[in-house]
Amino acid sequence: LQNMKMVPVPEKAYGTFFEGDCYIIMHTKGTSCSSAVDLHYWIGKDSSQDEQGAAALYVTQLDNALKGNPVQHREVQGHESETFQSYFRNGIIYKKGGLASGFKHVETNMYNIKRLLHVKGKKHVSATEVALSWDSFNKGDVFLLDLGKVLIQWNGPSCSVAEKSRGLALARSIRDSERGGRAQIGIIDNEKDSPDLMQIMKMVLGERRGELQDAIPDVKADELQKANVRLYHVYEKDNDLVVQEIATRPLTQDLLQHEDCYILDQGGFKIYVWRGKASSLEEKKAAFTRAVGFIQAKGYPSSTNIEVINDGAESAMFKQLFQRWTEKDETQGLGKVYTTSKIAKVEQVKFDTTQLHARPELAAEQRMVDDASGEVEVWRIEDLQMQPVNPKTYGQFYGGDCYLVLYTYLRSGRPHYVLYMWQGRHASVDEITACALNAIELDKKHGDEAVQVRVTMGKEPTHFLAIFKGKLVIYEGGTSRAQKSTPEPAIRLFQVRGTDEMNTKATEVPARAASLNSNDVFLLTTSQVCYLWCGKGCSGDEREMAKMVADIVSKRDKYTILEGQEPAEFWEALGGKAPYASEKRFQEQITHYQPRLFECSNQTGRFIMTEVVGFCQEDLDEDDVMLLDTWEEIFLWIGKASNTYERNEAIASAKEYLKTHPAGRDLATPIILVKQGYEPLNFTGWFNAWDPYKW
């Protein structure tokens, strides 16, 4: 903003901000069917109150011109949102001064420069102009001494590889955008090895006296703080602003009434203002001022992030703070509809597995590593050791046991491994621990290349179903060991779901009439017979699959009965008639969840995650542990050079992430451990243009 007017910034200078000014950034992201617009106003730490007010006003006007579709953000220097930082991949540079004091964005005589930049951050890089003195330095960060024709990058002794490479990317971007590529870059990684460059530094900064400061730890909000979401209703009463708390987590979508405006406070880390479609114009206009007032009233720092959202045009970040967010008439992914309720039924979609290699994004969407034609080996944990399971009974899992399933498949001529750890609901803590320990041993035998998947009983992933070719049966309790401690029940009831060999499983349910559901096929086994009960809503394919499963769970004669034509013996076996779920297929659509990538760190004893918005393969650094959340599963990507503590804590971090997620996530969500260089297709498919030879 110059003299309260909006003046375009030359593209060359994108990412460089004067500390004395305010800026407006508009970002448009087009998809095949729609485009999303984000409007940000950025406040420099030395900008005037008038300019800040004008910036907020312009954003509101732009929002009106764009019919209230954009998401609006207030950004404060040094505390920018992850979304804002994702626009400037090489980093953000803060320059002293401002337009009012005669500074220009692109200088013509660009060699007459002497400045020191303090570079911070690993995933999100920012560079601040600091005093030209050794006192500005510390041991943990990268510093750039910019002398116009020469740029010297000084790396602190305790910098990570990623910080050094991000620093270099920033130095190159200054050379290319501000110096037309005509500047030399020198790097000091160890002062003793670079006497010539140190000589130049001493000429500019003088001799260094005394020790350098220690590294300064970044202050970041941890996950517990971000999980503390509260929703407030904001309204005016007799010229006074009333802010009334109405709910804490887990929040549900129905709390938001179209006639009102609300403030959602995410633990003081970020403030959202939601504006109902039918709220008054005055209310909509006052959104930013109210949020700023709220921050002051709460005693939060004035740098707190603010996002203003319109009813019907919510951002992905906002939706993910709710337990469930449904869009009108939206089906999910490849024609699959998410369903929740007891009567719900997942529409099974046939897809061509031969396309998986050509289209990794399909592998990701369908959660399939390959076409399930590889080799399967199964072990049961017995006396805390691995006991091979008889291949004739592969696919039968008992709730009192833990199992290891090793799946081997070929990709470009060499073997790849997926190791499933299946945990029974009634298995002992010792067995669950032994299962994890044996998995590590088994992984070592296969060169530490296996993808490890933690499977909780009842939450088996798609690929797991596919490798058992329609013969997956899950028994509620008991064990598959030779000497069984308890006799098997005489009467059992199984619910069968699936339309082909790739997606079928039978799950034991309580043998009572209330367990039935008109949309499915059930198998009722007694000591004399096995009934195939076909609900009104089941298809021919489902009946065929149930016949196949019936031969596994019972050696008795099979009788097919249709719903409504049951013999008296059927109800007797179930302990008498009772109401059960019989409404027509009920489908609840849940928003297509956007995958999110985080860098995990719990070095400081606090669990901290940094989100990388608009992620790509470049964001996976060798010394990282990264978490990819695709809603149906959690991937942990382990970099080759990540530290042992973070590697060992990875699974605990993923569980902590699910536990503290504001949306109240299912703690049984599969957690998948992936190692750098051995990524399966259902992981790489979430990344655009994955390069398998990068490492």
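Predicted model: local features only at pLDDT ≥ 70, side-chain atom pairs only at ≥ 80, totals over all residues.
Visitor: What makes strand β23 (residues 492–497) and strand β25 (residues 521–525) a pair?

Guide: Two strands pair if DSSP finds at least two bridges between them. β23 and β25 are joined over 5 bridges in the antiparallel sense, so they meet that rule. Residues are numbered from 1 along each chain as its sequence is written, and side-chain values use heavy atoms, with hydrogens and water left out.

Visitor: Why are β18 (396–398) and β27 (557–562) said to stand at the edges?

Guide: Their open sheet has 7 strands with mixed pairing, in the order β18-β22-β24-β23-β25-β26-β27. β18 and β27 each have a single partner strand, so one side of each lacks a neighbour in the sheet. From one strand to the next, the twist averages 20 degrees.

Visitor: What makes α12 (residues 540–553) a helix?

Guide: A helix is a DSSP run of H or I with at least four residues, and a strand is a run of E with at least two; both are numbered from the N terminus. α12 spans residues 540–553, so it passes the length rule. Helix α12 lies across β18, β22, β23, β24, β25, β26 and β27, at about 20 degrees to β25. Such angles run from 0 to 180 degrees between N-to-C directions, with axes fitted to C-alpha atoms, for helices over the stretch in contact.

Visitor: How do you know which strands are at the edges of the sheet with 10 strands?

Guide: Its order is β17-β16-β19-β20-β21-β32-β31-β30-β28-β29, an open sheet with mixed pairing. β17 (385–388) and β29 (608–612) each have a single partner strand, so they stand at the edges. The twist here averages 25 degrees from one strand to the next.

Visitor: Which strands does helix α10 (residues 429–445) touch?

Guide: α10 packs on the sheet against β16, β17, β19, β20, β21 and β32, and its direction makes about 25 degrees with that of β19. Contact means heavy atoms within 4.5 Å. Helix α15 (residues 650–660) runs at about 145 degrees to β31.

Visitor: How do you know where the largest cavity lies?

Guide: Lining residues have an atom within 4 Å of a point; they include Arg367, Tyr420, His463, Glu633 and Asn682. Domain 4 (364–475) and domain 6 (596–685) both give residues to this lining, so the cavity lies between them. The domain bounds come from an automatic or database domain assignment. β20 (414–423) and β21 (451–456) each supply at least two lining residues.

Notes:
1 Å grid on protein atoms, 1.4 Å probe; cavity = no way out; pocket = protein on both sides within 12 Å on 5 of 7 lines; lining within 4 Å.
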